Amino acid sequence: MKRLNGMDAMLLYSETPNLHTHTLKVAVVDVADYDGEFSFDVFRRTLLRRLHRLDPLRYKLIDIPWRLHHPMWLENCEVDLDYHLRRVQVPAPGGRRELDEVIGNIASTPLDRTRPLWEFHFAEGMAGHKFALIGKLHHALADGVASANLLARVMDLTGPKKDERNNDPTRLPPSTAELLRAAGRDHVQQAIAMPGVITDALSGARRLRRRARERGTHPDLARLLHAPATFMNHVVSPARTFATATLSLAQVKQTSKHLQITINDMVMAMAAGALRDLLLRYDGTADRPIVASVPASTDRSPHRISGNELGGMAVSLPTHIGDPLERARLTSLATAIAKENNELFGPDLYGKLIGYLPSLAAPPAFRWLGRQDARNRLFNIPVSNVAGPRERGRFAGAPISEIYSAGPLIAACGINITVWSYVDQLNVSIIADDRTLDDTHEVTDAMVHAFSEIRTAAGLSGELITVDSAMP
């Protein structure tokens with residue numbers, strides 16, 4: 001047994017009938033040169049033999065009586081693969097758009113909390129001798145870094161080493177008395193830690209105020225708690241739509257180096273350009289900067305495969321700026337300020353404070369918030385960028401040609417942008433509800449256009465390289 005930390009618990013409490021807090025991980029498998037028949041049975045058999053090293057897939061949620069504390073994970077529980085592994089058919093002609101539609105449908109339903117909080121869908125019928133392994137994993141189980149490490153364990157191990165065997169014996173759930181005793185112990189530990197956490201929070205707030213006075217105001221950056229109302233911000237519907245696009249990682253690196261900004265700055269600048277186009281299209285105006293919610297990992301250990309070790313940053317996106325290079329410069333400035341603020345406040349402090357979220361009051365409060373047609377003054381859109389595997393992985397001997405990832409929608413935000421790099425690709429995934437956009441691929445198209453626009457403005461070729469390993 002282990003207790004969910006505050007961030008894990010918040011991601012559980014914030015799930016409502018219209019806001020599902022699972023994430024998606026999609027691995028496209030290329031079997032053109034596969035020796036033998038790649039099938040659902042091969043997928044099932046391979047995953048079964050690797051389940052013992054995929055610890056979070058064997059966690060089951062245990063609620064504490066009367067919600068006296070955050071829930072706990074029962075480790076190494078029984079897993080019914082007949083339930084968790086599913087087959088799905090991609091409609092003809094089996095290309096990117098058809099797969100995206102299937103993924104959107106999968107994302108539209110919540111996970112069953114009476115079982116381990118994950119599903120894998122084996123997508124057949126794709127063009128070009130490809131299959132897709134679509135993982136749906138509750139965000140309470142793993143953040144982006146943990147998910148990337150977990151995905152690495154799903155893949156074949158490199159070299160002669162093998163680590164495939166039957167699963168360990170399962171464990172029985174604890175008694176009510178054991179749960180209550182554990183809750184009492186953990187509350188005592190939290191109470192002891194509270195004065196230090198409060199002191200650190202007050203010190204962090206003073207450092208932020210002092211630094212903000214030193215910087216002064218910047219007319220082209222959004223002010224804290226002043227996210228403007230946009231077409232994206234409304235009560236989110238339960239249905240989900242999905243879209244993907246692939247860019248050349250080498251071209252992204254070349255462009256960021258030319259502009260002397262980071263790859264993450266480049267991703268945020270692309271998002272700013274894309275969202276400017278969409279604001280002009282749907283709202284008829286883009287006259288103010290908007291605010292992105294950007295997660296910041298506090299534990300990048302390659303061995304961590306579960307839990308959420310995250311802070312959060314509010315990054316101003318200069319969607320009101322028409323010049324692509326000035327937009328990139330301001331985005332880089334806004335990202336640097338957000339990172340500095342995160343360090344000044346204390347990267348771990350956000351997670352510590354969330355740990356005191358009241359377990360009894362939080363779920364109904366989040367349900368109420370999810371129903372409110374009120375302006376979200378904190379953020380307009382979540383945007384994340386995760387560095388994925390640098391080497392091409394395999395599953396059951398077949399190469400994985402692409403990996404895509406998507407995070408959940410949050411209250412009053414109808415779009416999420418998630419970017420994962422994989423080998424030579426920068427893969428963009430968009431998840432949205434079915435109310436915000438006419439076609440979710442408008443966002444991926446706008447991201448690609450924004451990248452080309454930045455390159456052209458920087459004096460580089462605006463013609464983008466086709467990544468041969470990715471779906472057309």
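Contact here means heavy atoms within 4.5 Å, and that is the sense in which one element of this predicted model is said to lie across another. With that in hand, take helix H9, residues 324-345: this helix lies across strand E9 (290-297) and E10, and runs at about 150° to E10.

E9 and E10 sit in an open sheet of six strands, ordered E8-E15-E14-E11-E9-E10, and the pairing is mixed. Strand E8 (240-248) and strand E10 (310-317) are at the edges; each has a single partner strand, so one side of each has no neighbour in the sheet. On average, neighbouring strands are turned by 20° against each other, direction ignored.

Further into that strand order, have a look at the pairing of E11 with E14. Strand E11 (residues 381-387) and strand E14 (residues 415-422) run in the parallel sense and are joined over five bridges. Ala387 is the residue that stands opposite Ser421 in E14. Another helix comes in here: H7 (residues 249-259) lies across E8, E14 and strand E15 (425-433), and its direction makes about 70° with E8.

Back to H9, and to one residue in particular. Asn342 lies in this helix. Is Asn342 buried or exposed? With a relative accessible area of 13%, Asn342 is buried, because the cut-off for that word is under 20%. Apart from neighbours within four places in sequence, Asn342 is in contact with Ala296, Gly312, Met313 and Pro347.

Two packed helices are described by the angle between their axes and the distance between the axes. For H6 and H9, the axes come within 8 Å and cross at roughly 145°. On the H6 side the contact is made by Ala201, Gly204, Ala205, Arg207, Leu208, Arg211 and Arg215, which meet Ile337, Glu340, Asn341, Leu344 and Phe345 in H9. Sorted by type, the residues of this contact are six nonpolar, two polar and four charged.

Now follow H6 itself, which covers residues 176-215. Where does H6 kink? The kink, of about 40°, is at Ala193, shortly before the proline Pro195. The buried residues of H6 are Leu179, Ala182, Ala183, Gln190, Val197, Ala201, Ser203 and Gly204. Their cover includes H9 again, along with strand E1 (2-3), strand E3 (60-62), strand E4 (72-74) and helix H10 (349-354). Just after H6, Gly216 takes a positive phi of about 80°.

Trp73 is found in E4, and its relative accessible area of 3% makes it buried. Leaving out residues up to four places away in sequence, Trp73 touches Met1, Lys2, Leu4, Tyr59, Lys60, Leu61, Leu117, Ala140 and Leu141. Trp73 and Asp63 are ten residues apart along the chain, and their C-alpha atoms are separated by 8.8 Å.

Finally, the cysteines. A disulfide is a covalent bond between the sulfur atoms of two cysteines. How many disulfides does the structure hold? The count is zero. As for individual cysteines, Cys77 counts as buried at 4% relative accessibility, and Cys413 is buried at 0%.

Technical notes:
Residues numbered from 1 in each chain as written. Predicted model: local features only at pLDDT ≥ 70, side-chain atom pairs only at ≥ 80, totals over all residues. Heavy atoms only, no water. Pairing = 2+ DSSP bridges. Helix = DSSP H or I, 4+ residues; strand = E, 2+ residues; numbered from the N terminus. Axes fitted to C-alpha atoms, helices over the stretch in contact; angles between N-to-C directions. Bend = angle between axes of the 7 residues up to and from the residue. Buried < 20%, exposed > 50% of the residue type's maximum accessible area, 1.4 Å probe, protein only. Nonpolar A, V, L, I, M, F, W, Y, C, P; charged D, E, K, R; others polar. Disulfide = S-S within 2.5 Å.
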